[in-house]
Amino acid sequence: MTTSTVQTATAKKPRSTPKTPDSDRAKAENALGRKLVAPAIVLMLVVTAFPMIRALYLSLFDYSLTDPDERSFVGLQNYVTALTDSLFWRDTANTVMVMVVTVAVELVIGFAFAMVMHRVIFARGLIRTSILIPYGIITVVSGFAWQFAFSADNGFVNGWLPFVGADFDWFGEYGSSIVAIMVSEIWKTTPFMSLLLLAGLAQVSEDMIEAAKVDGATWFQRLYKVILPNMRAAIMVAVLFRALDAYRIFDNIYVMTAGANGTESISFLTYRQVIEQFQLGIGSALSVLLFLSVLVVAFLIVKVFRVDLSSARQEG
Amino acid sequence: MHRFDPPGPRRRRALAGLATLVCTAGLLSACSGDDGGRTTFNWYINPDGQETLTAIAEACSTDEYDIEIQLLPTSATDQRTQLARRLAAKDSSTNLMSLDPVFVPEFANAGWLAPFEGDLADQVVDEDVLAGAAETVEWEGDVVAAPQWANTQVLWYRKSLAEAAGLDMEQPVTWEQVITAAADEGATVGVQADRYEAYVVWINSLVQGAGGSIVEDTEAGRDAKVTIDSDAGRAAAAVIQQLVDSGATQPGLSTSNEGSSLGAMYEGPGEFMTNWTFVYKNYEGAVGQPGGPADEEQFRDLGWARYPQTVEGEESRPPVGGINIGVGAYTEELDLAQEAAVCVTSPEAQGQLAVTDGLMPSRGSVYDSPELQEAYPPDLLTLYRESVDTGGPRPKSAYYSQISSALQSVWHSPTGVDPDSTPQESAEFLRAVLDGKALL
């Protein structure tokens, strides 16, 4: 079994090696494979590609749902409007800031949790479950819970923090509002990060750690020289997934501030244009820009970590 | 014996499947509005006066159809969004809907409301319907909804406060007089200045009270003329600035709403407050309770007057609100649904809503009915009726939501309003928004 896996991997990997013509059986298997995945591909195109193409098409129009007769073709005008509007850049900056801060904090806390889950000896199931519980809670519910927690009237946060007054209004201004939103976000998704990191931690060979220990490496040296380099792929996947997730932040903002005090994210701006204002043209342009910016974020993360995605899937 | 054996796993699965099928079929038939030959119309209502509306729905159900109540969310924005999403998807089960008057033009323009035609149109808007209310249901020459109840704002105040300040409330008063009187007496002026629709209601009435408007030629859609950058716009901004600078503002002015200003009436010297018609029934039912009048005598100290003037000598234009009943354009049994809409907006139904829930009628004759005369002081009824009749509606535009949001974004917070810059800035921004050249 192991041998065949290795053989397949090696056969696929080197692109430079001369290609041997496929046997009839391989051709037949490939044809069958194509037939088997065809329905899935068609379905994917219908549910994914169609809305994207439709959004792309609509973004070229000045089109309000409540004024269908006035629909007119404006070319790329909606993109120019969006990209030259300070509101778009303010919301983009806000979204990037939330993404960077939450992912950074979650990476540190998530790694600590992963270490605890990996090494814990007693009450293993209980501890793992406790750490993972927040991720099982629906984001809207956790948003409401944190909104109540930060409330100046009946929340407990003001009582716990000695440096804020008892009636401090967390949702009164930008700084404190965005902190409250990020706390909720971090609480909710750190378990997801720790779960991915735990999987990476389990891949690190105990022999290597043992060898480093024998060589006299301290705990920090083992962490930096052995554990983290061997977890690079897992960390990259965790950061990539969470960063993309954080970039489309919507629920917490919707529940906690409804975009007040400039806490709007780029997806919230898109939602307001399409759902609240019924402006399908500019709203579609924003959703296309959102899609493109997600691609840019994903590309940058992959580049920064210089990790081959196939190695992250253990194919290399 | 065999027939009474407990069903095996396969048979159980088959039975469960059959049961699911039957239930689903039942649900589907309920959705499609066909219940054994009788049609079911869904009436989407906002949460005001639920019990009375349920009773009205039952009373208006006939042998041919049942009217079933469906509840919309509390916020007006969410109500609009939910209805719009259904209608944009051509939902045939959205039959009757309670609509805030400002949403009528955009829903009608989108083709989501079935116009009342012929006799039905004459029944829905006849001479008995107050002019302010009738104006809110007409779009491009069609009657697109039926007025059910009409809301308006009046000036509520403590008689003792006005007396102490030497204000003659028998005569029309101006905002300036009211603000100065409140400031002199250490009292407050209650308004709605949170960043939401009611703030636009206030701004609109101030502008109209000075003889101007926010936009004109609204039927031109995006090409409407933006006219807020005018003397009237500056007069409106001056009132807001005067209130902010007077020291008569209530705590949390920039988040104040209809409810938050209620509590100041019976605290200290009291307040002057512009608010909707529900205030009277609210205080009447709160005698001896926290936030309400301490006793009957204090309740009798509650005074009411016409909405204050923006400019001295120029008649004020009180806000007009309320609810109109629209009929979904995709309704299958349209004639019956419109018949149902006429029934739920009948004078009897309107009287019931006014007496029980303080939701005032849109028909003049109902104000004269014995039930209403008994439930309200006669001069208050006259004031309500006059206010609705001569009130100033908000812009009737398919782009109202954008107009409102654009205004909120420049005029909020009230502490930053400046007559020299705010009207001009909001006019430029609104123009850019309507032209699709600025994000909102």
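The model is a predicted one, and the values below are computed from it.

Three elements of chain B each give at least two residues to the lining of this pocket: α7 (159–165), β12 (302–305) and α17 (378–389). The largest share comes from α17(B), with 4 residues. Sorted by class, the lining of the second largest pocket holds 9 nonpolar, 3 polar and 7 charged residues.

Rolling a probe the size of a water molecule over the atoms shows where empty space is left. Counting cavities of 30 Å³ or more gives 2. The largest cavity has a volume of about 80 Å³. Its lining consists of B:P101, B:V102, B:P105, B:T136, B:V320, B:P393, B:R394, B:P395 and B:K396. By class, 6 residues in the lining of the largest cavity are nonpolar, 1 is polar and 2 are charged.

The second largest cavity holds about 30 Å³ of space. It is lined by A:H118, A:R119, A:L201, A:V204, A:I209 and A:I227. The lining of the second largest cavity divides into 4 nonpolar residues, 1 polar and 1 charged.

One of these lining residues, A:L201, belongs to a helix that also takes part in a helix pair, α8 (residues 174–203) of chain A. Two packed helices are described by the angle between their axes and the distance between the axes. The axis of α8(A) comes within 10 Å of the axis of α6 (residues 139–150) of chain A, and the two cross at roughly 135°. An angle between the limits for roughly perpendicular and roughly antiparallel, 115 and 145 degrees, counts as oblique, and α6(A) and α8(A) are therefore oblique to each other. Their crossing is right-handed. On the α6(A) side the contact involves A:T139, A:S142, A:G143, A:W146 and A:F150, which meet A:A180, A:V183, A:S184, A:W187 and A:K188 in α8(A). By class, the contact of α6(A) with α8(A) has 5 nonpolar, 4 polar and 1 charged residues.

A second pair in chain A is formed by helix α2 (residues 24–58) and helix α14 (residues 280–305), which pack at an angle of about 125° with their axes 7 Å apart. For this pair too the angle falls in the oblique class, so α2(A) and α14(A) are oblique to each other. The crossing of α2(A) and α14(A) is left-handed. From α2(A) the contact is made by A:M52, A:A55, A:L56 and A:L58, and from α14(A) by A:L280, A:G281, A:S284, A:S287, A:V288 and A:F291. The residues of this contact divide into 7 nonpolar and 3 polar, with no charged residues.

In chain B, helix α8 (residues 175–184) and helix α10 (residues 231–246) have axes that come within 10 Å and cross at roughly 5°. Angles under 35 degrees count as roughly parallel, and α8(B) and α10(B) are therefore roughly parallel to each other. In this contact B:W175, B:E176, B:I179, B:T180 and B:A183 of α8(B) meet B:V239, B:Q242, B:L243 and B:S246 of α10(B). The contact of α8(B) with α10(B) is made up of 5 nonpolar, 3 polar and 1 charged residues.

In chain A, A:A258 has a positive phi of about 55°, although A:A258 is not a glycine. This residue sits in the loop between α12 (251–256) and α13 (266–276) of chain A. In chain B, B:H412 and B:S413 are joined by a cis peptide bond, with omega at about 5°. B:S413 lies in the loop between α18 (400–411) and α19 (422–434) of chain B.

Definitions and conventions: Residues are numbered from 1 along each chain as its sequence is written. Chains are lettered from A and ligands numbered from 1 in the order in which they are written. This is a predicted model: local features need pLDDT of at least 70, side-chain atom pairs count only at pLDDT 80 or more; totals for chains, interfaces and linings use all residues. Side-chain values use heavy atoms; hydrogens and water are left out. Ala, Val, Leu, Ile, Met, Phe, Trp, Tyr, Cys and Pro count as nonpolar, Asp, Glu, Lys and Arg as charged, and the others, Gly among them, as polar. Axes are lines fitted to C-alpha atoms, for helices over the stretch in contact, and angles run from 0 to 180 degrees between N-to-C directions. Angles under 35 degrees count as roughly parallel, over 145 as roughly antiparallel, 65 to 115 as roughly perpendicular and the rest as oblique. A crossing is left-handed if the near helix is turned anticlockwise from the far one by less than a right angle, and right-handed if clockwise. Contact means heavy atoms within 4.5 Å. On a 1 Å grid over the protein atoms alone, a cavity is a set of points where a 1.4 Å probe fits but cannot get out, and a pocket is an open set with protein on both sides within 12 Å along at least five of seven lines; lining residues have an atom within 4 Å of a point. Grid points are joined across faces, edges and corners, and a volume is the space filled by probe spheres set on the points.
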